[in-house]
Amino acid sequence: LGTVTYSWAKISGDAITIAAPSSATTEFIADGMTFLEARAAYFRCTVTDLYLTRTVDVYVSIFDLPIP
């Protein structure tokens, strides 16, 4: 396999950023949201090793909801 690399990129959508765009796992951040606001975006993760490259598209939605 060799070295495996990961690359996250936003394809489209609202103001959401990727915390660790070169990591196998990451968090999605929506700074400055207001109460009851919702944001959504599509992201693409590309995984590459010595022989193959694969991509997967992910839909992320973030809601600022009250904590009960």
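**Reading a loop residue and the aromatic pairs**

T26 is found in the loop between β2 (17-18) and β3 (28-29); strands (E, at least two residues) are DSSP runs, numbered from the N terminus. This is a predicted model, in which local features need pLDDT of at least 70, side-chain atom pairs count only at pLDDT 80 or more, and totals for chains, interfaces and linings use all residues. Residues are numbered from 1 along each chain as its sequence is written, and side-chain values use heavy atoms, with hydrogens and water left out.

Q: Which residues does T26 touch?
A: Contact means heavy atoms within 4.5 Å. Not counting residues up to four places away in sequence, T26 touches W8, I18, A19 and A20. The side chain of T26 also reaches the backbone nitrogen of A20 at 2.8 Å.

Q: How many aromatic pairs does a search of the whole structure find?
A: A pair of aromatic rings is described by the distance of the centres and the angle of the planes. Rings of Phe, Tyr and Trp (its six-membered ring) pair if their centres lie within 6.5 Å; planes under 30 degrees apart count as stacked, over 60 as edge-to-face and the rest as tilted. The search finds three pairs. The ring centres of W8 and F28 are 5.6 Å apart with planes at 80°, so this pair is edge-to-face.

Q: Is W8 buried or exposed?
A: Buried means under 20% relative accessible area, exposed over 50%, and partly exposed in between (1.4 Å probe, protein chains only). W8 is buried, at 12%, and F28 is partly exposed, at 24%.

Technical notes. Helices (H or I, at least four residues) and strands (E, at least two) are DSSP runs, numbered from the N terminus. A polar contact is a pair of N or O atoms within 3.5 Å; within protein, one must be able to donate a hydrogen and the other to accept it, and residues adjacent in sequence count only if both atoms are side-chain atoms.
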